[in-house]
Each structure stands twice: as structure tokens, then as C-alpha cells.
Amino acid sequence: MAIHVFDNDEYRPPVWKSYLYQLQQEAPHPRRVTCTCEVENRPKYYGREYHGMISREEADHLLSVAEGSYLIRESQRQPGTYTLALRLRTGFGNQTRNFRLYYDGKHFVGEKRFESIHDLVTDGLITLYIETKAAEYIAKMTINPIYEHVGYTTLNREPALKKPAPVTRDTPDGKEPHGDDSGLEQRLTSLVRRATLKENDRAPKYEKVHNFKVHTFRGPHWCEYCANFMWGLIAQGVKCADCGLNVHKQCSKMVPNDCKPDLKHVKKVYSCDLTTLVKAHNSKRPMVVDMCIREIESRGLKSEGLYRVSGFSDLIEDVKLSFDRDGEKADISVNVYEDINIITGALKLYFRDLPIPVITYDAYPRFIEAAKLAEPDERLEALHEALKLLPPAHYETLKYLMAHLKRVTQNEKDNLMNAENLGIVFGPTLMRAPDLDAMTALNDIRYQRQVVESLIKNEDILF
């Protein structure tokens, strides 16, 4: 096995050089064993490879013609369930492997979905062949990345490469490919692009875990952690839904919590994780919070029943859709929404829609415990410690909101809203009980109110 080494400042992605990719080319090809007779009750999503309810022994005999042969049969033990039978020789002693087969609009035997049985079998043969021939190699991948000089961890230690290099491909007779640098950016792998990104000076360095989801890749892909070829029948790999990082499923456990969300992946504002949103927009706080509070303070601080009086729900939903569609360009001015209660309603809705509340589930018990303390100084000290448990983006958002609500209480003579009233409004909005029974959650409501009331009254001390 040859491992190609390049200088750090002349990185060439391992395209066409991967050992696993070479094995992919050697893997057996699928050979469909067709059924010669008409089978009753054949599912409409299977073709002539379906043989009905035959035994394992019959399937084994039919598949003995060649490696890579496959068919589908109905289980004799569990009628209504289907099995994919595959014939393998290399490394398997000329055996038939059986897989429970499923269909939900696409074909699958694990998490990875396929448009056709042929695609599934092709990928399955590659997977089994690679895992047989390169077991030791695979085991070492995540521990010691094969291309460690260009691997994920090394690239993250380097602030940037001196100059990005184009993808190089093998060419016949040693001839160099023709062309200029016009398509350079398109030809770079995402691995190189991530390494050459410049930090935005105003972007807070908030730590964020990757939001990995199982993904089916089309065509050859390489893991951006270990730089090795991605393959797999059950699960080829995972993709971060927020930043687009592609890695092996086993490599995802090794990747640091350094997700850098990209706006092309973060499609909405409401119902989006708070840290994801601020990192995607390179801001300290969600733009919804800043924009709504600026609008409220410019024309609504003296409005009677501010935050307690509800605006029209249809118009509040309209503000939400505007933020989701236009982001920072959303128009929430008096010319569009004359009633300030629509803006306050939109702000409260944003907090309610957060998948993780501003006061997170992890920190929730500490805040409730603090609220239960009778001694004021002890309560303040406990709240101060509880605030330290909040992620930076959550802390910054809460700090900004409490300073705003303090200014609301300073106009109490006009708006009739004191810290206690605002605590009643914002307690359940900023805090949600994590999987508590209904009675406990009900009892916590008064403590939620007390937490917010204390944060508002002592904003200058606690933050």
C-alpha cells in the first residue's frame, strides 16, 4: 500500500490516491439473478430479482453462478418481510450473506437510502469488499489519520495555508493538465476551503458541537477528518446540517466542537439553535433580539401593558416569516407594524420557539434551586453561579434582554410593568422544565417567575 506524502504548503487532496478508493475499483460488480416464472403478490417496488417465498438453500443454489450475484426473497419464517441475498467469495469463503430489506420510498438495509436495488447492491458489495480487505487499515483511520499531515487536526492548528493548490489528478504519459486558475475555487475540496477561511474579527469564539446527520453521498467522497475515502452500506457517513462538514460516522466522535455554521445550511431564524444562529451571522446575539428590542425601545417603552398585552397572532406570524425569509433585512418599522405589541409578541415567540431555551435545560435545576433560597445574598450568589453554566451565546442574549427589561421597569408609571409582572410573562418563555412530570413543572412556574424577577432587579450586579 503506497501512502503519498506532500509538503504542508503544497497540499494536494488525495483524489484518486486513496487506498480505499483503489479497493472500491476492485470490488465485485452486481449480477442480478432473475426469476424465470411469474411470482404472485410481487411488491411493485421490486423487479425480476424478486423470487417470492423461497428457502435459504434455494437462494444459495441460485446465487452460486458468480460472485456479486443477488436476489430478493420473501421470508418463510416472517411472511411480509423481505431479504436481500448476496453471494461473496473473496474473504467470505464463497458464502451467501442475507440482509433484511426495507422500503419507505427508497430501499435500505440500515440508515443509508438508495433509489434502486442495483445501487444498494453495488454499494453493499463495495462495503463488504473494503471491510474485508482493509480491516486493519480502517481500524487505524480515526486513531492515526492516514494523511495526518493534511488531516483535520493539523489543518486546524495552521491558521491558513500559504496558497491553496488545485486538485491534481493522474494524467497519462506524465502530461500536465491544461487550463488556468479560473476554476481554482471550484476545484478545491471542502477540506482545503475550511483550512483557508479567515476568522472574522467580530465573530465571538463560541464553542458549538456539530449537528451530524446520516447522509447518503453521491459519487466518491472523502472524510474531512481522516482524509480517507467514504464508503458504507449501513451508514456511509454523516454531514453536519449546520456547517456541511462530511466525515465517517466513526470519525464524527473524534471531531472537536468547532462547528462554524454556514448561512447556506442554516435556512431559518426562528426554531434555530441559538448558538448556531449567532455563529452563522457572526454576531454576539440573534439579530431578532437586537432588532426587536431596538424597535421597542425607540417607540414602545411607555406603552401600557408592554409585553403583557398580546398583538394579533397573524401579524406576529408575519414578522416571524419575514425574519426567516429576509434575516437582518426584515422590516419591522412603524410603517409596517404600527402596533408595538406585534413586535413584543414576535420577540416572545422567538424565545418560545428555541429548541434549547435561553436558560438551558442543563442549567435549569441550578436556577430553580437558587430561586428557592430565602436569604437574598445567598440567592444572588447562587444565581451568579448558575449564570456561569450558560453557553456564551445564551449568556449574552440573557444579559442584553435583562438590561432591556430593566429599562422597561424604569418606565413603570406609564407602562404599568414592574419586575414581578415581567417575571410572570418571561419566566415560562426563557425557562422550560426538562422532562419533568406535570405536577413538578406546574410547581416550578412560580420559581421561574422569581428567577426572572431577580435577574431584572439585580441586572447590574449579576451580569
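Trainee: In which helix is the place of S322?

Mentor: S322 has its place in helix 10. Please bear in mind throughout that this is a predicted model.

Trainee: Why is S322 called buried?

Mentor: The cut-off for a buried residue is under 20% relative accessible area. S322 has 7% relative accessibility, so it counts as buried. Leaving aside residues up to four places away in sequence, S322 touches G327, A330 and D331.

Trainee: What makes T344 a buried residue?

Mentor: T344, whose place is in helix 11, has a relative accessible area of 0%. Since the limit is under 20%, T344 is buried.

Trainee: Which residues does T344 touch, not counting those up to four places away in sequence?

Mentor: T344 touches I296, L306, Y307 and V309 on that count. As for L306, it lies 38 residues from T344 in sequence, while the C-alpha to C-alpha separation in space is 7.6 Å.

Trainee: How do you know that the span of helix 11 is close to the expected one?

Mentor: Helix 11 covers residues 340-353 and reaches 20 Å from its first C-alpha to its last, to be set against the 20 Å expected at 1.5 Å a residue. At the start of helix 11, a side-chain oxygen of D339 comes to within 3.0 Å of the backbone nitrogen of N341. The cut-off for a polar contact is within 3.5 Å.

Trainee: What can be said of helix 14 in the matter of span and burial?

Mentor: Helix 14, residues 392-409, reaches 26 Å between its first and last C-alpha, close to the expected 26 Å. Buried residues number 13 of its 18, so helix 14 too is largely enclosed by the rest of the structure.

Trainee: Why is helix 16 called oblique to helix 17?

Mentor: The two helices pack at an angle of about 120°, with their axes 7 Å apart. That angle makes helix 16 oblique to helix 17, because the range for roughly perpendicular is 65 to 115 degrees and roughly antiparallel requires over 145. The crossing of helix 16 past helix 17 is right-handed.

Trainee: Which residues of helix 16 and helix 17 meet?

Mentor: From helix 16, A419, E420, L422, G423, I424, F426, G427, P428 and L430 take part; they meet Q448, R449, V452, E453, I456 and K457 of helix 17.

Trainee: How do you know that E453 is buried?

Mentor: E453, found in helix 17, is at 13% relative accessibility and so counts as buried, the limit being under 20%. E453 touches A419, E420 and G423, not counting residues up to four places away in sequence.

Trainee: What share of the protein is buried?

Mentor: Buried residues make up 49% of the 463 residues. The secondary structure comes to 18 helices and 8 strands. Among contacts with a separation of 6 or more, 63% are accounted for by residues 24 or more positions apart.

Methods:
Residues are numbered from 1 along each chain as its sequence is written. This is a predicted model: local features need pLDDT of at least 70, side-chain atom pairs count only at pLDDT 80 or more; totals for chains, interfaces and linings use all residues. Side-chain values use heavy atoms; hydrogens and water are left out. Helices (H or I, at least four residues) and strands (E, at least two) are DSSP runs, numbered from the N terminus. The expected span of a helix is 1.5 Å times one less than its number of residues. Buried means under 20% relative accessible area, exposed over 50%, partly exposed in between (1.4 Å probe, protein chains only). A polar contact is a pair of N or O atoms within 3.5 Å; within protein, one must be able to donate a hydrogen and the other to accept it, and residues adjacent in sequence count only if both atoms are side-chain atoms. Axes are lines fitted to C-alpha atoms, for helices over the stretch in contact, and angles run from 0 to 180 degrees between N-to-C directions. Angles under 35 degrees count as roughly parallel, over 145 as roughly antiparallel, 65 to 115 as roughly perpendicular and the rest as oblique. A crossing is left-handed if the near helix is turned anticlockwise from the far one by less than a right angle, and right-handed if clockwise. Contact means heavy atoms within 4.5 Å.
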